[in-house]
Amino acid sequence: ISKENGGNVAQFFDDSMRNRFKERLVIENALRAVVDRGGFALYYQPKTQSGIVTSMEALLRWHDPELGSISPATFIPIAEEIGLILPIDEWALVEACKQNKKWQEEGLLRVPVSVNLSAKHFQQDYLSCLIEKALNISGLDPKYLKLEITESVFIKNPAHVAQVIEKIKRLGVLISIDDFGKGYSSLYQLLQLPIDEIKIDRQFISNIDQNERKALLVKSILEIAKGLSLNVVAEGIETEEEKMLVEQIGAHELQGYFFSPPVSHKEMMNLLNIEIRSL
Ligand code: C2E
Ligand code: MG
Ligand code: MG
Ligand code: MG
């Protein structure tokens, strides 16, 4: 490309593209820095059953002084691309196990904690070591640890992924399929694995009280899941109407803004004191 063409080449990237590229670089650099100094927070969102807290989901939070709060939906995919997802998920895993153990020791709460794991880890063999390490460091009984994975883990090397899952199951931890029904995997493949739980994706729950087809679909999913002795969680419950219908259909656990958004561990203590069960 000649110098005279420089102007034309530059035009190829319009301002919005250039800005997005810049923004992406800014986020990448900030992400590297926050991983280095351990600046993440872990929030917890309860899952409930007849208004009683039955488990917690740990969700990463990142607040950058200059960039503001950045959603995991934004930074997790970037972390996966630039090779930072391992230290990030490792930190969340250890932190969640420690906090759960602490709550149990304080006699405040004895329910499992769910940790989200990137599909990336399931292509590797280190995963069971990572989980063992988190259990050892925290002293948490494995039956209190649940790992949330999405169906996208099965896109690549499903046979190998199945082996990795079998191996981590042998540690005594529980496996949950997150965003169930969003796509990717075959139901047959999925149900051959030693999974313990499915979380029905929010898209099927949203306005379910106004949509007979959704209700029918969720009912059928529940029937299959119950036949297989799987625990079923409905995620994204936002309204009383959704809650009533999903409860009536028979989901085991409910989760969503209707009950509580994800909160810090300190706020969680307050929540438990005012009793979420009154909702
Ligand atoms: P997810 O695991 O499916 O988590 C549910 C997301 O929905 C969370 O968003 C949660 O805050 C939000 N949510 C909960 N209840 C409601 C509701 O009633 N209505 C609506 N509209 N949203 C609700 P969040 O915290 O932004 O996390 C987004 C995604 O980022 C998570 O989806 C998960 O895939 C990923 N993620 C979060 N923490 C981690 C982590 O530690 N490691 C990995 N690998 N991924 C994580
Ligand atoms: Mg999840
Ligand atoms: Mg989910
Ligand atoms: Mg979801």
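Author: Let us begin with W62, which is buried at a relative accessible area of 2%; buried means under 20%, exposed over 50% and partly exposed in between, using a 1.4 Å probe and protein chains only. This is a predicted model, in which local features need pLDDT of at least 70 and side-chain atom pairs count only at pLDDT 80 or more, whereas totals for chains, interfaces and linings use all residues. Residues are numbered from 1 along each chain as its sequence is written, chains are lettered from A and ligands numbered from 1 in the order in which they are written, and side-chain values use heavy atoms, with hydrogens and water left out.

Reader: How many aromatic pairs does the structure hold?

Author: There are six aromatic pairs. Rings of Phe, Tyr and Trp (its six-membered ring) pair if their centres lie within 6.5 Å; planes under 30 degrees apart count as stacked, over 60 as edge-to-face and the rest as tilted. One of the pairs is F40 with W62, which is edge-to-face at 6.2 Å centre to centre and 70° between the planes.

Reader: Where in the chain do F40 and W62 lie?

Author: F40 sits in the loop between α2 and β1 (41–49), while W62 belongs to strand β2 (residues 52–64), so the pair links distant parts of the chain, 22 residues apart. Helices (H or I, at least four residues) and strands (E, at least two) are DSSP runs, numbered from the N terminus. F40 is buried as well, with a relative accessible area of 10%. The rings of F258 and F259 also form an edge-to-face pair, because their centres are 5.2 Å apart and their planes stand at 80°. F259 is buried at 6%, and F258 is partly exposed at 21%.

Reader: Which residues do ring pairs link into a cluster?

Author: The cluster consists of F40, W62, F75 and W91.

Reader: Changing topic, how many salt bridges are there?

Author: The count is 13, where a salt bridge is a side-chain nitrogen of Lys or Arg within 4 Å of a carboxyl oxygen of Asp or Glu. Among them is the one between E28 and R24, at 2.8 Å from N to O. E28 and R24 are four residues apart in helix α2 (residues 15–37), which means that about one helical turn separates them.

Reader: Is E28 buried or exposed?

Author: E28 is buried, at 13% relative accessibility, and R24 is partly exposed at 23%.

Reader: Which residue does K169 meet in a salt bridge?

Author: K169 meets D196, at 2.8 Å from N to O. The pair links distant parts of the chain, 27 residues apart: K169 is in helix α6 (residues 158–169), and D196 is in the loop between α7 (187–191) and β7 (197–200). D196 is partly exposed, at 22%.

Reader: Which residues of α6 are buried?

Author: They are V161, A162, V164, I165 and I168. Seen down the axis of α6, these buried residues fall within an arc of 160°, so they line one face of the helix; the arc is that of the directions from the helix axis to the C-beta atoms. The face turned away from the buried side carries the exposed residues A159 and Q163.

Reader: What do the buried residues of α6 pack against?

Author: They pack against α5 (127–138), β5 (145–150) and β6 (174–180), where contact means heavy atoms within 4.5 Å.
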